[in-house]
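Welcome to this tour! Open your viewer, get your selection tool ready, and follow along stop by stop.

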Amino acid sequence: MVNFSETENQKMIAQSIKDFGAKEMKPHTMKWDEAQEFPIDLFRKMGELGLMGILVPEKYSGSGFGYLEYITALVEISKIDGSIGLSMAAHNSLCTNHILLFGNEDQKQRYLPKLATGEWIGAWGLTEPNTGSDSANMRSVAVKDGDHYIINGAKNFITHGKSGNVAVVIVRTGEVGDSKGMTAFVIEKGTPGFTSGKKENKLGMRASETAELIFNDCRVHKSQMLGNPGEGFVQAMKVLDGGRISIASLGLGIAIGAFEAALQYSKERHQFNQPISAFQGIAFKLADMATKIEAAKLLTFRAGDLKNRGLEVKKEAAMAKYYASEVAVEVATEGVQIFGGYGYTKDFPAEKYFRDSKLCTIGEGTSEIQKLVISRSILR
Ligand SMILES: Cc1cc2nc3c(=O)[nH]c(=O)nc-3n(C[C@H](O)[C@H](O)[C@H](O)COP(=O)(O)OP(=O)(O)OC[C@H]3O[C@@H](n4cnc5c(N)ncnc54)[C@H](O)[C@@H]3O)c2cc1C
């Protein structure tokens, strides 16, 4: 039985983010974007609101909510600024969730309260310069040395690669190409041999920091391992099932933000002595945008509901991620069109939604990889 109504918690979260965003985000989004500034203080404030540990149980200082509340929160943040949504997604559903799902009690006690309150920022490293979609062929390696592992290699495109206080990284402990030859470690900033490298200069999502992680004879104790040796890749794929619901929510939020801006503008802008919304060519664009957003919303909440109930979600999360991401790009592109020449300037929000939206079809598995996951699932 599908329940389409929002819970009281969802309504409360949406309203508090609207109030927070109007004060703490909207006045600064273009400054952060142009300067590529990662506003770390904002994330501490988001921690105070409970947005940095939404899925974390209260006993580890989290908010103890489920995926429906998580989706609502990410949508509301991403309506205002996609790059803050991307960072919130990476922190919550990649780094923090990996520790929540696969950490032992000591690791959970040690890291989750700091992450869930926003005192610490988390990073998650799977991608390498030569292996993105093909992550099972990663080359970064951890070699056992008594009770320690010596890690060498590099991870790139890592959200919070520089500012992260702690990173979960998946590295090779077995043969190249063996999906059971990878292991996850949680590594704190300041560990000798663990540094960050180049920060990317990006098209969009510019307030979300993206940088390299570098490991040079980095020695970590075996107690920093998450789960058992050889489980890293399977863990990462499970983490990504939830992560894809995040990126679907991110895309959905960007699409709604772009749509609402275009809708309002279409009623205010007059040409030929009438608002442009009176032209069927514009009204039909708005109808298409609104319909696609509704469909993306249903897929995303459906995946969240399955996840909440502990049911298999791989195909549904991939469908939600694929569809909502493509809708974000389509809606944001039409948004620029509705704004006309003004949409091409930085005086209006349309161009930022347009730039930010494209990441959604790339991060946490490209649209092509989502189609691979979906087709494998339906052809099984
Ligand atoms: C802003 C940003 C933030 C990110 N944050 C993180 C992070 O925090 N942690 C992390 O680990 N990674 C992160 N990533 C990396 C991201 O997940 C990868 O960029 C993504 O998975 C694609 O990998 P790639 O860039 O190497 O592209 P490639 O894998 O080289 O793909 C290039 C093209 O080939 C296509 N392609 C590849 N294989 C196939 C196939 N089998 N069939 C059909 N087409 C295929 C792709 O779809 C794409 O169009 C981030 C990336 C960005 C841009």
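**Stop 1: a loop residue.** Begin by selecting A278, in the loop between β10 (274-275) and α8 (280-308). The labels for helices (H or I, at least four residues) and strands (E, at least two) come from DSSP runs, numbered from the N terminus. A278 counts as partly exposed because its relative accessibility is 47%. For that word, buried means under 20% relative accessible area, exposed over 50%, and partly exposed in between (1.4 Å probe, protein chains only).

Before moving on, two notes on what you are looking at. This is a predicted model, in which local features need pLDDT of at least 70, side-chain atom pairs count only at pLDDT 80 or more, and totals for chains, interfaces and linings use all residues. Residues are numbered from 1 along each chain as its sequence is written, and side-chain values use heavy atoms, with hydrogens and water left out.

**Stop 2: two residues with positive phi.** Select N273, in the loop between β9 (270-271) and β10. N273 is not a glycine, yet its phi is positive, at about 65°. With 81% relative accessibility, N273 counts as exposed. Then go to S61, in the loop between α3 and α4 (67-80). S61 also is a residue other than glycine with a positive phi, near 70°. Its relative accessibility of 38% makes S61 partly exposed.

**Stop 3: helix α6.** Select residues 105-116, the twelve residues of α6. How far apart are the end C-alpha atoms of this helix? They are 16 Å apart, which agrees with the 16 Å that the helix should span at 1.5 Å a residue. That expected span is 1.5 Å times one less than the number of residues.

Next, colour Q107, K108, Y111, L112, L115 and A116, which are buried. Seen down the axis of α6, the buried residues fall within an arc of 115°, so they line one face of the helix. The arc is taken from the directions from the helix axis to the C-beta atoms. Those buried residues pack against several elements, including α3 (40-48), α5 (82-102) and β4 (166-172).

At the start of α6, a side-chain oxygen of N104 comes to within 3.2 Å of the backbone nitrogen of D106. Just after α6, G118 has a positive phi of about 80°.

**Stop 4: a serine in α5.** Select S87, which lies in helix α5. Is S87 buried or exposed? S87 is buried, with a relative accessible area of 0%. The side chains of S87 and H160 are joined by a polar contact of 2.8 Å. A polar contact is a pair of N or O atoms within 3.5 Å; within protein, one must be able to donate a hydrogen and the other to accept it, and residues adjacent in sequence count only if both atoms are side-chain atoms. Leaving aside neighbours within four places in sequence, S87 has contacts (heavy atoms within 4.5 Å) with residues including F38, F43 and T159.

**Stop 5: the ligand.** A polar side-chain atom of T127 is 2.7 Å from a ligand nitrogen atom. For F157, a polar backbone atom lies 2.8 Å from a nitrogen atom of the ligand.
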